[in-house]
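Subject: Structure handover

Hello,

Here is the structure I said I would pass on. Please have it open while you read the notes below it.

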Amino acid sequence: MSKRWLKYLEVARVAVRSRVAYLWDQLLSNVTLVIIMFVFVQLWKVTYAYGNVDAFAGYSLPEMIWYLVATEAIVMSMPRIHATLEQEVKDGDLALRLNKPYNYLLFHYSQFIGEGLFKLATVLALGGLTAYLLVGGFAFYWPALPVFLLLWVTTQTVNFFYSASVGLLAFWMEEVSGVYLLFDRFKWILGGMLLPLEIYPPAVRRVAEVLPFRYMIAGPARLFVKFTWDGVWQLLGPQLVWGLAFGAVCTAIYRLGVRRVDVNGG
């Protein structure tokens, strides 16, 4: 591997080490996850008991709860890249970084993956322990563990470019938090964060199936509890397509924004 790419790996490694130094802070910040898991376990227990069924949309109770662990791990392991980019644009830090010997977007992508990997480990540890104590385990396919790590990277790559595109709108907007909240919640709902898409009404499910959000949350989470090799290829292909699409949009917004900074003497 060339030195050009090694420096981005080093950025990711430094991001991991910087987060490890605050391990207990990270664990304490995830205490709300335990509360969320407890509430949803009680809700689903009542739902399964009331319906007198062993499975909803093909998910047993443990699978449903572990699906929630997976979606929470994906969402909660994402650093707030939109806020970072917004702040750097507003403070002028971006202009200072333009002369650095690295690609601005790749630098932040490396930090995003490095910090996210640490967050993933803490969320899975805490959420997984809570789920195991409340509903037990499920038939996890351990030989596919390296595949799940790869899928997490590809999933977060799509999420990075999606979120970074919104953050870079700070070149033209004073605040992007409101816009990001709208886009993010739209992704949560149609991406199957709280419920598998199989449970959605047919009309809503048809809309969700043509949007990229299911490949950013629901698809990887479903594979986590119901692994198949066919499912891996069916997920990786669309992720590649949407990753390239969002990457192109993000790069275009960045270049237009930098040109605007240059024109205005920033």
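This is a predicted model: local features need pLDDT of at least 70, side-chain atom pairs count only at pLDDT 80 or more; totals for chains, interfaces and linings use all residues.

Residues are numbered from 1 along each chain as its sequence is written, and side-chain values use heavy atoms, with hydrogens and water left out.

Helix pair

Two packed helices are described by the angle between their axes and the distance between the axes. Here the pair is H5 (residues 81-91) and H8 (residues 145-167), whose axes come within 8 Å and cross at roughly 30°. Helices (H or I, at least four residues) and strands (E, at least two) are DSSP runs, numbered from the N terminus. Axes are lines fitted to C-alpha atoms, for helices over the stretch in contact, and angles run from 0 to 180 degrees between N-to-C directions.

Contact means heavy atoms within 4.5 Å. Sorted by class, this contact has 4 nonpolar, 3 polar and 1 charged residues (Ala, Val, Leu, Ile, Met, Phe, Trp, Tyr, Cys and Pro count as nonpolar, Asp, Glu, Lys and Arg as charged, and the others, Gly among them, as polar).

Glu-174, in the loop between H8 and helix H9 (177-190), is in contact with Glu-86 and Lys-90, leaving aside its neighbours within four places in sequence. Glu-174 is exposed, at a relative accessible area of 60% (buried means under 20% relative accessible area, exposed over 50%, partly exposed in between, with a 1.4 Å probe and protein chains only).

Aromatic rings

The structure holds 26 aromatic pairs. Rings of Phe, Tyr and Trp (its six-membered ring) pair if their centres lie within 6.5 Å; planes under 30 degrees apart count as stacked, over 60 as edge-to-face and the rest as tilted.

One of the pairs is Trp-66 with Phe-138: the centres are 5.3 Å apart and the planes at 45°, so the pair is tilted. Trp-66 belongs to helix H4 (residues 61-76) and Phe-138 to the loop between helix H7 (104-135) and H8, so this pair ties together parts that are 72 residues apart in sequence. Trp-66 is buried, at 11% relative accessibility.

Tyr-109 and Phe-160 make an edge-to-face pair, 5.4 Å centre to centre with 70° between the planes. Since Tyr-109 is in H7 and Phe-160 in H8, the pair links parts 51 residues apart in sequence. Both Tyr-109 and Phe-160 are buried.

Trp-66 and Phe-138 are also members of one aromatic cluster, together with Phe-140, Tyr-141, Trp-142, Phe-148, Phe-224, Phe-227 and Trp-229.

Charges over rings

Arg-185 lies over the face of Trp-188, at 4.0 Å from the ring centre. The charged end of Lys-226 sits over the ring of Tyr-59, 5.3 Å from its centre. The cut-offs are NZ of Lys or CZ of Arg within 6 Å of the ring centre and within 35 degrees of the ring normal.

Single residues

Leu-117 lies in H7 and is partly exposed, at 37% relative accessibility. Not counting residues up to four places away in sequence, Leu-117 touches Leu-149 and Trp-152. Leu-117 and Leu-149 are 32 residues apart in sequence and 9.3 Å apart in space, C-alpha to C-alpha.

Ala-57 has a phi near 50°, a positive value in a residue other than glycine. Its place is in the loop between strand E1 (55-56) and strand E2 (59-60). Ala-55 lies in E1 and is in contact with Tyr-48 and Ser-60, apart from its neighbours within four places in sequence.

Regards
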